[in-house]
Amino acid sequence: MRVAIAEDSVLLREGLARLLTDAGFEVVARCGDASALLGAVASLRPEVAVVDIRMPPTHTDEGLRAAVTIRAEHPGTAVLVLSQHVEPALAMTLFADSAAGAGYLLKDRISDVAEFLAAVRRVAAGCTAVDPIIVSSLVARRRPDDPLATLTPREREVLELMASGHSNQGIADRLYLTLRAVEKYVSSVFGKLGLPSTGGESRRVLAVLLFLRPETDRNRG
Amino acid sequence: MQAGLFVWILLAYVFCGLLAWTRRPESGFGRLMVVVGFGAALSNLAWSANPVLFTVGQAVDLLVVALFLHVFLAFPSGRVAGPARVVVVVAYAISIGLQLTVMLLGGFGDGNLLAITDAPGAANAVHAVELVTLSGLLLVGVGLLGVRLGSQHRAVRWLVGSFALGLVALAVLLVMGLFVAAGFTLVQRLTLFVLGLAPVAFLAGLLDARLARASVGDLVVELRAEPDDLTPALVRALRDPTASLLYWLPQYRSWVDHDGSPVTLPASATLIPRDGEPVAALVHHPSVEAELVRAVAAAVEMVIDNARLRAELRARLSEVRASRARVIEAGRTERRRLERDLHDGAQQRLVGLSLRLGLLESHLDGDPAVRQALAEARAEVATSLSELRDLAHGLYPAVLSGHGLAVALESVAAQATVPVRLDVRLDDRLPEPVEVAAYYVVCESLTNVGRHANASSASVEVAPARKTLVVEVSDDGAGGADTASGSGLRGLADRVEALGGTLRVWSPAGGGTRVRAELPCG
């Protein structure tokens, strides 16, 4: 599988490249900033891009902007954004229209090699990866008449894994459950939260994230 | 009748001119009026049968137009400057140059001694150009007077109006002379009459200034009450809406106004000295009589010390405000730099280290004890990273500079300990200090809600109102927050006030708490 990397720290960029190469990926581009990445994606059309959110010149959110551009202009390239901070709102910016083929992980996750590679593969396959810390901060948020309070602990676990972008099979593997049992929990969670059971997994992720997100009246230009 | 009107102009201008000359020798205006009076009389020579006198009279016939324009535009200082100067110079050049050209071409009949050729057609054409150009210049002069009208001293305003009337009448007269229309004589008489009124208007203006001097007495009475701001009293006494008093603060080597803000000393100001050093300056319009200004300055000098002390106090206060703003701004910049250094330095290195540990772990297939030790090391690094992340975020909310207030507040609301209703109405990004201050107002207020309020919900509203950003955080908790000693609230107030904003807290016992910050951002 062909992958592009954008990360301004040489140390991390080379580390990431080594990790991905060892796992059988073909690293086709190693970029130090967002414009180099956009150029590489346009000419090389990798299947997935792993992007640091803070890069030169402003060190604010170049990576995220580039990721949004790639998703709009090159639907064939999946994007996994790495961030040093837990910002649910930024993840939601990335998933604005669809969570398919997009991921938002804390940078630390790359140290758990197996988990990280699984996330890259999941995103490249058109699914979603959302950092567990972001999901748990959303789930932990206090709400009036909290509908999450009606969930059993097991249903809560299933909800968090769903929001992180895991498939039913993935959830079954992690919780040592049968696929059938997971499907039962999923439909029970959807029923309790009043969410319509939607088809694809990435649509399911977005629906759950939107449900968990703070209710806001926003009017941003 | 005609002759009578000319004599009237001669007498009016010369008499009033002499009066002004003696009373205001420093102004050239009196002299100018005398010249205008004689100039107008000189053009009467054109009626003479003597060829020499006739020629001289013809030569200066239209010079009087330029003279009138000059005197009206020069009122009251006697000087013309800027566009008025250009207009006057051009008028002189045309009224002399073209008039002589007409005479050289043989215009104005047989008595003209200057004629060197006889080309009546050309002479008439040049004369027509001369008349039309001069009337055009007169109308430009009226426009300049109109511009002045707005900024003028009240006493001058109606004078300017009567001058404008005279100039318009003169312009009409010149154009009528060109077409020899039927009512020429009537208009000419009317013009002479109006022009003759102008010196009376000037005299009246002079009298008005004398009357104004009586107002110095009222000023003294007003000043004895030691008003905080002397400006209104000065405006009344000088009858000059632009009048004000500036104070010299030697320790700042600067002039300041009533509010203590530094200003540059305008040209038209009268210094009030003490022991050879200026202490204050009376700023006024140049048209205000020098004598009146001196009288007012003398009256003001009696109360100047207290007023100056107050201005100095205000100057010091605004200096303290500015230095507080600088301190907070320096702190913000420094925290931002530290966050950046952490991110690019320690955080990156630790992520790199954990990546290497991870790679090592994935290539290791030996001793389970080593594997265990590696996993523990990796967990240790992960904990450090998590602590560093919290530290960096506490130093400076990086998401704020990249994504603005709305996104940053969404994360804050998501992590609050009570349900938060967030309403952020912003179309554009705001200056960074404003966003940071607003961000901390919300963070600190929500932290307080979680700690003390015992609330079940809170709401955050952020909306622009005119040139301020209004941030309001309210909860339904116990209220009774200690607004005086709560260091968090005090720090917030410092931060908000340093930007020139206000922070108010309502916290009645049992009635919830409401924190409202208004931050100027224009």
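Predicted model: local features only at pLDDT ≥ 70, side-chain atom pairs only at ≥ 80, totals over all residues.
User: How big is the area buried between chain B and chain A, and which residues of chain B lose the most?

Analyst: About 3,900 Å² is buried between the two chains, with carbon and sulfur atoms giving 54% of that. In chain B, the residues that lose the most area to chain A are Leu355(B), Arg389(B) and Glu410(B), together 17% of what that side buries.

User: What makes Glu339(B) and Arg54(A) a salt bridge?

Analyst: Their side chains come to 2.9 Å, N to O. The cut-off for an Arg nitrogen and a Glu carboxyl oxygen is within 4 Å, so the pair qualifies. Across the interface of chain B and chain A, the rule finds 2 salt bridges.

User: How many residue pairs are in polar contact there, and which parts of chain B touch chain A?

Analyst: The count is 10 residue pairs, both residues at pLDDT 80 or more.

User: Why is the pair of Trp248(B) and Trp255(B) called tilted?

Analyst: The ring centres are 5.3 Å apart, which is within the 6.5 Å limit, so the rings count as a pair. Their planes sit at 55 degrees. Stacked needs under 30 and edge-to-face needs over 60, so this pair lands in the tilted class. Both Trp248(B) and Trp255(B) are buried, by the way.

User: And why is the pair of Tyr439(B) and Tyr440(B) edge-to-face?

Analyst: Here the centres are 5.7 Å apart and the planes are at 80 degrees. That angle is over 60, so the pair goes down as edge-to-face.

User: How do you know whether Tyr439(B) and Tyr440(B) are buried or exposed?

Analyst: Check the relative accessible area of each residue: Tyr439(B) has 3%, and Tyr440(B) has 14%. Buried means under 20%, so both tyrosines are buried.

User: Which residues do ring pairs link into a cluster?

Analyst: Tyr13(B), Phe68(B) and Phe72(B) are the ones linked that way.

Notes: Residues numbered from 1 in each chain as written. Chains lettered and ligands numbered in written order. Heavy atoms only, no water. Buried area = accessible area lost by both parts, 1.4 Å probe. Polar contact = N/O pair within 3.5 Å; in protein donor to acceptor, adjacent residues only side chain to side chain. Phe/Tyr/Trp six-rings, centres within 6.5 Å; stacked < 30°, edge-to-face > 60°. Buried < 20%, exposed > 50% of the residue type's maximum accessible area, 1.4 Å probe, protein only.
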